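Dear colleague,

Please find below the structure that I am handing over to you. My notes on what was found in it follow directly after.

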Amino acid sequence: MKLVFAGTPEVAVPALDALIASGRHEVAAVVTRPDAPAGRGRRLVASPVAERAEEAGIEVLKPVRPRDEDFLARLREIAPDCCPVVAYGALLPKTALDVPARGWVNLHFSLLPAWRGAAPVQHAVMAGDEVTGASTFLIEEGLDSGPVYGVLTEEVRPTDTSGDLLTRLAFAGAGLLAATMDGIEDGTLHAVPQPAEGVTLAPKITVEDAQVQWSAPALRVDRVVRGCTPAPGAWTLFRGERLKLVQVVSVLDRTDLAPGELSAGKNNVYVGTGSHAVELLWVQPQGKKPMRAADWARGVRIAHGELLGL
């Protein structure tokens with residue numbers, strides 16, 4: 001088939017690579033979000049998908065909005081058979097959805113209908129799911145509601161951050177998307193409607209969502225920290241400034257600390273929660289690089305009974 005691939009961040013690159021490498025289909029063009037400011041200089045930088053496509057000599061389309069007539073005209077001119085999508089980052093209007101004969105097929109990082117939305121992996125980690133996965137489905141105008149072509153499952157490991165899990169799903173899902181394109185092309189794969197039961201939503205995780213509530217149980221604190229790593233980053237307040245929490249671990253035998261109460265030894269820093277304590281392993285003070293929590297604690301000289309949080 002002639003394909004136009006839509007994607008933007010690094011997590012979409014393995015799927016693009018898999019489609020290029022398959023040799024079975026032609027990736028005629030790539031659709032990605034416009035260049036965005038990045039770094040201290042805030043200079044405009046192309047998306048990881050755009051950079052990879054340019055390396056491969058593939059035409060790159062960067063519409064400000066996918067309903068822009070110039071973009072739609074070029075898409076019709078290319079006349080793709082199918083448009084595979086991975087984390088493109090913009091809603092596709094019906095005028096775009098109608099262009100490819102076999103539709104737009106999305107690789108979504110959950111077992112649909114669970115975790116429909118922008119942040120399925122983060123929500124799976126924060127909810128304590130033991131198993132998640134990826135699904136390929138035909139895009140409709142609804143939110144991740146279209147019929148499903150294929151799925152794969154992936155164990156959520158006890159120490160997984162959302163970044164760890166998303167990396168594994170990106171590479172496994174790349175193979176699933178390529179196989180889905182093959183099955184659509186040869187007629188062996190047919191999309192099956194999603195069940196009406198089991199729908200959960202995964203909206204974007206905001207900075208406010210990533211604030212740790214120390215009155216919650218230690219299990220919940222750990223899940224929030226892992227689910228918000230690397231982005232947007234779990235955080236708390238210390239002496240009125242934000243302190244990012246990079247890694248924590250539960251300490252079952254430490255129950256003497258009130259929620260948010262700090263206890264710093266020579267090599268360990270503990271914080272009370274609504275159940276037992278957690279040990280801070282890595283933190284990132286405002287304006288600084290990540291550091292070991294014990295090094296941070298020595299530098300700030302934590303007072304007896306001092307608290308994290310509001």
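**Contacts, overall build and cores**

Among contacts in the protein with a separation of 6 or more, 65% are between residues 24 or more positions apart. Please keep in mind that this is a predicted model.

The protein contains eight helices and 15 strands. Its C-alpha atoms fill a box of roughly 70 × 45 × 30 Å along the principal axes. Of its 310 residues, 48% count as buried.

In soluble globular proteins, nonpolar side chains tend to be buried together. The largest nonpolar core here has 34 residues, and the members that touch the most others are F5, L19, V30, V86, F109, L177 and M181. Two or more residues each are given to this core by several elements, including the strands β1 (2-7), β2 (26-31) and β9 (148-155) and the helices α1 (13-22) and α6 (162-186). Helix α6 supplies the largest share, nine residues.

Leaving aside neighbours within four places in sequence, F5 is in contact with A12, A15, L16, L19, V27, A29, V30, V31, V49, P84, V86 and L177. Another core, of 29 residues, lies apart from the largest one, and W235, F238, L243 and L245 are among its members.

As for the surface, the accessible area of the protein comes to about 15,000 Å², and carbon and sulfur atoms account for 53% of it. The protein carries 31 positive and 37 negative side chains, with the centres of these two sets 8 Å apart.

Yours sincerely,
A colleague

Notes: Residues numbered from 1 in each chain as written. Predicted model: local features only at pLDDT ≥ 70, side-chain atom pairs only at ≥ 80, totals over all residues. Heavy atoms only, no water. Core = buried A, V, L, I, M, F, W, Y, C linked by side-chain atoms within 4.5 Å. Buried < 20%, exposed > 50% of the residue type's maximum accessible area, 1.4 Å probe, protein only. Helix = DSSP H or I, 4+ residues; strand = E, 2+ residues; numbered from the N terminus. Contact = heavy atoms within 4.5 Å. Areas by Shrake-Rupley, 256 points an atom, 1.4 Å probe, with all protein chains shown as cover. Lys, Arg positive; Asp, Glu negative; His and termini not counted. Charge placed at Lys NZ, Arg CZ, Asp CG, Glu CD.
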